[in-house]
Amino acid sequence: MSIRTVKMVVTGPFNSGKTAFIHAISEIDVVSTERKITLQAEKIKDTTTVAMDFGRISVDEELVLYLFGTPGQKRFDFMWEILSEGMLGFVVMVDSTRPETFREARYIMETFRAYAPTPFVVAANKQDHPDAWSIEDLRIALRLDPQIRCLECVATEREKVKNVLLELLYCILEEVQE
Amino acid sequence: MALQGNLHDFSVTQLLNLVHLARKTGTLTIQGTNDHASLSFAEGKLIYGQSRSSDGTLISILLAGKQISEEQAQLLRSRPQASNDKELGLLLIHAGYLTQPAILQAVQKYITELVLRLFTWSEGGFRFHSGVLPPEDRITVRLDLENLIMEGARRMKEWERLQEELPNLDVALKFTDRPDSRLRNINLSVEEWRVVSYVNPKNTIRQIARANRLSDIEIRRIVYGLMQAGIVESIRLEGDTAPRPPVIQPLAKGPDQVSLINRLITRIRSL
């Protein structure tokens with residue numbers, strides 16, 4: 001019996017919480033390709049994803065869902081198109097406390113939409129932080145169409161991550177049922 | 001929730017649009033490169049504004065609007081009502097010196113000009129203080145942000161055009177070698193004369209702006225005018241090449257099926 005695999009992509013700007021998101025839900029240790037950061041401008045954290053993160057959720061004996069996290073740094077954006085091939089949908093992670101990344105988040109969102117017109121949701125990460133922008137303000141800042149779901153998220157909390165993935169799946173379901 | 005950031009990442013146009021759409025009430029403070037401004041809003045309408053370079057008191061507003069002279073401003077400042085704009089306004093109305101519409105129009109014009117100036121700010125930190133309103137004694141108005149955003153966008157267009165004409169402020173200016181007859185009939189403003197006085201191949205446009213405390217758009221506007229009049233020309237440096245847009249290749253949709261998605265949903269729910 002062959003195992004069918006499907007994938008969803010978690011994308012977003014540098015340090016938006018993609019690796020933590022996948023780590024929170026994956027049944028395996030996330031296969032990460034992190035490297036020490038060398039550029040001073042990117043020294044918000046010590047390591048970053050340079051190729052992809054890779055998590056897995058076994059659905060049943062015949063079906064496996066893979067979660068791919070894209071590299072956040074722009075110089076690795078050649079990986080985006082490769083990772084987006086055949087995806088069911090994607091999650092755009094946004095750090096709600098860092099408005100300086102919103103423009104890039106919009107760019108990433110538009111780029112992925114162009115790669116594949118699959119459903120997507122926006123996960124407003126770090127909503128537990130006092131400096132987080134509200135969902136309403138984020139929607140306006142990111143110029144989200146009313147039909148696009150923008151969801152509260154804390155990437156380190158499994159329930160919040162589950163909720164984001166479920167909302168994305170509901171969007172996909174709506175589309176395939178149309 | 002905090003609403004703070006930098007204009008470099010979130011422009012004045014975007015900020016005002018957000019306040020307008022979210023019908024926010026509170027005060028937005030912006031710390032620009034050379035000035036500090038605060039704007040107050042009630043349910044998405046602009047009601048008050050002030051900046052460090054202009055304190056926003058009624059006396060300053062009327063003086064800037066040439067409704068009163070410098071001498072009259074000094075006289076009013078010595079009155080006990082001077083610190084309370086509303087009381088001062090009533091005094092002026094009762095004295096028959098100004099009408100209520102004239103005062104409101106002056107305040108409206110002042111706030112409008114302040115906001116339109118902010119559209120040219122591209123650097124600086126901002127923070128929205130939700131629920132914070134101007135002091136009770138200040139005269140407030142109710143201005144629709146839509147119109148201001150439209151006018152601001154027009155100014156931004158001018159700004160973009162000027163940026164296209166003068167993309168690099170780190171170039172120097174020199175007087176044209178063969179100024180033509182148009183020069184004879186040109187009247188320069190005080191600011192233009194100040195800029196002209198610094199024209200020298202050793203001074204960049206940016207340095208001239210700093211010396212005259214002019215913003216990027218102000219210096220561009222003046223230099224563009226001087227160039228069009230044939231007075232000066234830039235000593236051009238090699239421009240940067242435009243970045244190439246990313247190659248985008250849309251892909252075909254995957255083999256999605258309702259049952260497959262439902263199985264995924266069931267599994268994620270069970271986690």
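Which side chains meet in a salt bridge at 3.0 Å, N to O? They are those of A:Asp60 and B:Arg263. The legends below take up this pair and its surroundings.

This is a predicted model, in which local features need pLDDT of at least 70 and side-chain atom pairs count only at pLDDT 80 or more, while totals for chains, interfaces and linings use all residues. Residues are numbered from 1 along each chain as its sequence is written, chains are lettered from A and ligands numbered from 1 in the order in which they are written, and side-chain values use heavy atoms, without hydrogens and water.

**View 1. The interface of chain B and chain A.** In contact (heavy atoms within 4.5 Å) are 35 residues of chain B and 46 residues of chain A. The two chains bury about 3800 Å² between them (accessible area, 1.4 Å probe, lost on being put together and summed over both). Carbon and sulfur atoms carry 62% of that area.

View 2. Three salt bridges link chain B and chain A (a side-chain nitrogen of Lys or Arg within 4 Å of a carboxyl oxygen of Asp or Glu). Over all chains, the structure holds 17.

View 3. A:Lys162 pairs with A:Glu159 in a salt bridge, their closest N and O atoms 3.5 Å apart. The two residues are three apart in helix α5 of chain A, so about one helical turn separates them. Helices here are DSSP runs (H or I, at least four residues), numbered from the N terminus.

**View 4. Helices α1 and α5 of chain A.** Helix α1 (residues 18–25) and helix α5 (residues 158–177) of chain A pack at about 95°, axes 9 Å apart. Axes are lines fitted to C-alpha atoms over the stretch in contact, and angles run from 0 to 180 degrees between N-to-C directions. The pair is therefore roughly perpendicular (65 to 115 degrees). A:Phe21, A:Ala24 and A:Ile25 of α1(A) make the contact with residues of α5(A), including A:Val161 and A:Leu165.

Definitions and conventions. Angles under 35 degrees count as roughly parallel, over 145 as roughly antiparallel, 65 to 115 as roughly perpendicular and the rest as oblique.
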